[in-house]
Amino acid sequence: NISAFLTFWLASFGYFGSWGVLTTAITVFIADVSGDTLWFLLGRTLRETKLGHFIKNHISQMRHVKDYVNEDTIKLMFLAKFISSTNTPLVFLAGWAKVNFKKFIRVSVFAIANWFVIIFAIIYLLQSTVGPILPTGIISKIEIILTIGVVTFFISHLIARRVGETLLRAV
């Protein structure tokens, strides 16, 4: 969500050309729908595997979770778009609960469209209030800082993973 927000923010300042906002919106929309679809299908497929049967047999609450997700799919999926780190597990559970695929896609597209409206409203308000105050030099510095931060995060994540794998092999 934050990466989409920052991308829209930069596109609104013209960093991606004259069609940048539209191109960004289409790209993020397709990515969001396809990501939701993949997690949904993974949940539906995994349910019928050995791991899925193990989970069903050893986690007693799984049946109750499945029933709850089936009953309140629309509310849960809509709220999951706006609450950080809840979208992927709920989409996976919707697939696990065998929610109707057409219903899932309809709710997912509706939630994404509403999320877009809110993101665009926030960006418009920020751009109209903060945008004129910030000179372009500051915006380019913020862009450089964000890029360095993302690269540093990925490098530290790779290092931590390699160190963790090395420690696991040592034990």
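What is the average pLDDT of the protein, and what share of the residues score at least 70? The average is 77, and 77% of the residues reach that score; pLDDT is the predictor's confidence in each residue, from 0 to 100. This is a predicted model, in which local features need pLDDT of at least 70 and side-chain atom pairs count only at pLDDT 80 or more, while totals for chains, interfaces and linings use all residues. Residues are numbered from 1 along each chain as its sequence is written, and side-chain values use heavy atoms, with hydrogens and water left out.

Colour by confidence. Helices are DSSP runs of H or I, at least four residues, numbered from the N terminus.

Next, select A4, F8, W9, L10, A25, V28, V33, I112, W115, F116, I119 and I123. These 12 residues form the largest nonpolar core, a set of buried Ala, Val, Leu, Ile, Met, Phe, Trp, Tyr and Cys residues joined through side-chain atoms within 4.5 Å. Buried means under 20% relative accessible area, exposed over 50%, and partly exposed in between (1.4 Å probe, protein chains only). Two or more residues come from each of α1 (2–12), α2 and α7, with α7 giving the largest share, 5 residues.

Proceed to helix α5 (residues 73–80), where T73, L76, M77 and A80 are buried. Viewed down the α5 axis, the buried residues fall within an arc of 90 degrees (directions from the axis to the C-beta atoms), so they line one face of the helix.

Finally, select K98, in the loop between α6 (87–96) and α7 (101–129). Its phi is near 55 degrees, a positive value in a residue other than glycine.
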